[in-house]
Amino acid sequence: MSDVLYGRNAVHEALRAGLRRVRQVWATEHALREPWLAGGPGLPGAERATGEEIERRCGSAGHQGVCALADPYPYADPVVLLGEPDPLLLVLDEIQDVQNLGAICRTAECAGATGVVIPERRSAEVTPAACKASAGAVEHMAIARVRNVADFLGDAKQRGIWCYGAAMEGAVPWTEPDYRGGVALVLGAEGKGLRPRVAAACDQLVALPLHGRIDSLNVSAAAAALVYEIVRGRA
């Protein structure tokens, strides 16, 4: 099996990171002006193709003139993530929108998080669409899959990692906790939020202030605000 990545950032970061093998790259004549598409040691140079040919290969009109055939995304081992010193983990509870997954992974990578954890079922996966939505950040991010999110949080707590769930009710202000040490930030799907067993597995629930007429933030926006507060608190 293989993935057809598409979008300039997604393909560029896949080549730059070397997390998985990129077997072939195609680019339009206009896109071939990008120096990184010339290839290099161990990297394939791009073959010229029309925009229509690239769209047929990747199945999306949002290819920006570039696509690539790559090995499937290699998920990380969740046990390894838990063993990192003072990790900062983002745990996603049944977030099914690949755009949100990609945006959260981009924030996590930019903020220097240790990794992202997603459930094996009822969750968005690291697809080419998620890779494009992340601007290629997934290629630099350790992303692990677990069978049961609540059980994973239990394992995290046994290792001294504090688990904070993003919630609307029964939560303390986002600036109140001490985020030093190992931290897992748990985010639920839009609309549903955290499932009850997952929320119960958290050490504390935290909430962002909302001062407008809309009663919730997009989950990727909430993730960005919370992650950078955690990073600030750990500085």
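Two strands count as paired if DSSP finds at least two bridges between them, and strands (E, at least two residues) are, like helices (H or I, at least four residues), DSSP runs numbered from the N terminus. In β11, for example, A207 is the bridge partner of P173, and the strands β9 and β11 (residues 204-207) pair in the parallel sense over two bridges.

The structure is a predicted model, in which local features need pLDDT of at least 70 and side-chain atom pairs count only at pLDDT 80 or more, while totals for chains, interfaces and linings use all residues. Residues are numbered from 1 along each chain as its sequence is written, and side-chain values use heavy atoms, with hydrogens and water left out.

**The sheet and its helices**

The pairing of β9 with β11 belongs to an open sheet of seven strands, whose order is β7-β6-β5-β10-β8-β11-β9 with parallel pairing. The edge strands of this sheet are β7 (143-146) and β9, each of which pairs on one side only. Helix α6 (residues 149-158) lies across β5 (88-93), β6 (115-119), β7, β8 and β10, and runs at about 160° to β5. Helix α8 (residues 219-234) lies across β5, β8, β10 and β11, at about 165° to β10; these angles run from 0 to 180 degrees between N-to-C directions, with axes fitted to C-alpha atoms, for helices over the stretch in contact, where contact means heavy atoms within 4.5 Å.

**Aromatic rings**

A pair of aromatic rings is described by the distance of the centres and the angle of the planes. Rings of Phe, Tyr and Trp (its six-membered ring) pair if their centres lie within 6.5 Å, and planes under 30 degrees apart count as stacked, over 60 as edge-to-face and the rest as tilted. A search of the whole structure finds two such pairs. The rings of Y73 and Y75 are edge-to-face, because their planes stand at 75°, with the centres 5.3 Å apart. Y164 and Y179 are also edge-to-face, with centres 5.2 Å apart and planes at 75°; this pair links distant parts of the chain, since Y164 is in strand β8 (residues 162-166) and Y179 in the loop between β9 (172-173) and β10 (183-188), 15 residues apart.

The relative accessible area (1.4 Å probe, protein chains only) makes a residue buried under 20%, exposed over 50% and partly exposed in between. Y73 is buried at 7%, whereas Y75 is partly exposed at 28%. Y164 is buried at 3%, and Y179 is buried at 2%.

R145 lies over the face of Y75, at 5.1 Å from the ring centre; a charge sits over a ring if NZ of Lys or CZ of Arg is within 6 Å of the ring centre and within 35 degrees of the ring normal.

**Salt bridges**

A salt bridge is a side-chain nitrogen of Lys or Arg within 4 Å of a carboxyl oxygen of Asp or Glu, and by this rule the count comes to 13. The table gives some of them.

| Salt bridge | N to O distance |
|---|---|
| R8 and E34 | 3.0 Å |
| R20 and E139 | 2.6 Å |
| R195 and E94 | 3.2 Å |

R20 and E139 are both buried. R195 lies in the loop between β10 and α7 (196-201) and E94 in the loop between β5 and α4 (98-111), so their pair ties together parts that are 101 residues apart in sequence. D93, E94, R122, K192 and R195 are linked in a network of salt bridges.
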